[in-house]
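Happy to walk through this one with you, one question at a time.

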Amino acid sequence: MLKDLFKKNKYGTVKNVNVEAEEKPNIPSGMWLKCDKCGSIIYKEDLKSNLYVCNSCNNHLRLKARTRINFLVDKGSFKEMGEDIKTTNPINFDGYEEKLEKSKEKTDSSEAVITGIGKINGIAVAIAVMDSYFMMGSMGTVVGERITSLIECATERKLPLIIFTTSGGARMQEGIFSLMQMAKISAAIGKHDDAGLLYITVLTNPTTGGVTASFAMEGDIILSEPGTLVGFAGRRVIENTIRETLPDDFQKAEFLLEKGFVDAIVHRKDIRKMLYKLLLMHGVSNND
């Protein structure tokens, strides 16, 4: 009888019942992006309308070169130069061609810089925009040649020069040939300066290595987007060399502004207006 108390009752079972799965909402991929600073999930169209600046933390997300050019110049005014200058493999670095092809597919650009002549509120300017999505904006021979050719064109046509920098530095796959671009571009900038022409640089995140050590910091006026990392050697290398702990904001644009290396920090939505104002202040007008 005691055994009967713990006896399990048998219940009827239902077999082969098809329960229709609850339908899940179908959200198309690619509609949302995550801020790499604060982690906010942002609707892509809202981010685009805000020029790819996070509404929550003001983080200026990286831009592809063509996207930045479209934001900057008068519609339909940009005439690209230098696209026929193609990259080779001067030191036969293994796997270099494959890396180049992947970057071309990712960016719709043939190299880490786009150069040309465009207009800002009707004023013609020579513009170079580097692209961190193309091999981290590294500076190889073609980057150097395109920028140098643009500067020479600006000098000949007496145009102001604007360069948006972003780079991880010289391109290791081209060895000493990449380092030579620092001197070549700087020499062309010197001739542009001798002609009494205006050169403005806009530092965007990140601007490091040989680009910082040359044309990025040679502008008559140096602007920067907020929060931009700017430096030559890495933080850890410097700390190990000088045996000191650096400030938390070291190599940030705000730190450089405080030390006098940057003239102004400008929000992305204000950069076109700021450049136009600077052009007018320096006597540059509609120069067709």
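Q: In this predicted model, which residues does Cys57 touch, not counting residues up to four places away in sequence?
A: Let's start by placing Cys57, which lies in the loop between α2 (44-49) and α3 (65-72). Contact here means heavy atoms within 4.5 Å. Leaving out residues up to four places away in sequence, the partners of Cys57 are Cys35, Lys37 and Cys38.

Q: Is Cys57 buried or partly exposed?
A: A residue is buried under 20% relative accessible area and exposed over 50%, with partly exposed in between. The relative accessible area of Cys57 is 23%, so Cys57 is partly exposed.

Q: Where is Cys38 found, and which residues does Cys38 touch beyond four places away in sequence?
A: Cys38 sits in the loop between β1 (32-34) and β2 (41-43). With a relative accessible area of 38%, Cys38 is partly exposed. Beyond four places away in sequence, Cys38 touches Cys54, Ser56 and Cys57.

Q: What is the largest C-alpha distance among the residues that UniProt places under "binding site"?
A: The UniProt record, an unreviewed entry, gives the feature "binding site" at Cys35, Cys38, Cys54 and Cys57. These residues are spread over 23 residues of sequence, yet they cluster in space. Their largest C-alpha distance is 8.7 Å.

Q: How far apart are the end C-alpha atoms of residues 35-57?
A: UniProt, again in an unreviewed entry, lists residues 35-57 as "zinc finger region: C4-type". In the model, this stretch is 26% helix and 13% strand. Its end C-alpha atoms are 9 Å apart.

Q: How many helices and strands are there in the protein, and what share of contacts join residues at least 24 apart?
A: Stepping back to the whole chain, buried residues make up 43% of the 288 residues. The protein has 10 helices and 10 strands. Taking contacts between residues at least 6 apart in sequence, the share that join residues at least 24 apart is 68%.

Q: Are α5 and α6 roughly parallel or roughly antiparallel to each other?
A: Helix α5 (residues 141-157) packs with helix α6 (residues 176-194), their axes being 9 Å apart. The angle between them is about 5 degrees. Angles under 35 degrees count as roughly parallel, and therefore α5 and α6 are roughly parallel.

Q: How do the residues of the contact of α5 with α6 divide into nonpolar, polar and charged?
A: On the α5 side, the residues that meet α6 include Thr141, Ile147, Ile151 and Ala154. On the α6 side, Phe177, Lys184, Ile185 and His192 are among them. The residues of this contact divide into seven nonpolar, six polar and three charged.

Q: What separates the C-alpha atoms of Ile120 and Tyr276?
A: Ile120 belongs to strand β4 (residues 113-120), and at 0% relative accessibility Ile120 counts as buried. Its contacts, not counting residues up to four places away in sequence, are Leu72, Asp74, Val125, Ile162, Arg272, Leu275 and Tyr276. Ile120 and Tyr276 are 156 residues apart along the chain, and their C-alpha atoms are separated by 6.4 Å.

Q: Which backbone oxygen does the side chain of Gln251 reach?
A: Gln251 is placed in the loop between α8 (235-242) and α9 (253-259). With a relative accessible area of 9%, Gln251 is buried. Among the residues Gln251 touches are Thr228, Phe232, Ala233 and Leu256. At 2.9 Å, the side chain of Gln251 reaches the backbone oxygen of Ala233.

Q: Why does Met135 count as buried, and what is its phi?
A: Met135 is found in the loop between β5 (123-130) and α5. Buried means under 20% relative accessible area, and Met135 counts as buried because its relative accessibility is 15%. Although Met135 is not a glycine, its phi is positive, at about 45 degrees.

Q: What is the phi of Met136?
A: Met136 is also in the loop between β5 and α5. Met136 is partly exposed, with a relative accessible area of 33%. Its phi is positive in a residue other than glycine, near 55 degrees.

Q: Which residues does a cis peptide bond join, and what is omega there?
A: Pro206 is found in strand β7 (residues 199-208). The cis peptide bond joins Asn205 and Pro206, and omega is about -10 degrees.

Methods:
Residues are numbered from 1 along each chain as its sequence is written. This is a predicted model: local features need pLDDT of at least 70, side-chain atom pairs count only at pLDDT 80 or more; totals for chains, interfaces and linings use all residues. Side-chain values use heavy atoms; hydrogens and water are left out. Helices (H or I, at least four residues) and strands (E, at least two) are DSSP runs, numbered from the N terminus. Buried means under 20% relative accessible area, exposed over 50%, partly exposed in between (1.4 Å probe, protein chains only). A polar contact is a pair of N or O atoms within 3.5 Å; within protein, one must be able to donate a hydrogen and the other to accept it, and residues adjacent in sequence count only if both atoms are side-chain atoms. Axes are lines fitted to C-alpha atoms, for helices over the stretch in contact, and angles run from 0 to 180 degrees between N-to-C directions. Angles under 35 degrees count as roughly parallel, over 145 as roughly antiparallel, 65 to 115 as roughly perpendicular and the rest as oblique. Ala, Val, Leu, Ile, Met, Phe, Trp, Tyr, Cys and Pro count as nonpolar, Asp, Glu, Lys and Arg as charged, and the others, Gly among them, as polar. UniProt positions are given in the numbering used here, feature names are shortened, and annotations may be inferred rather than shown by experiment.
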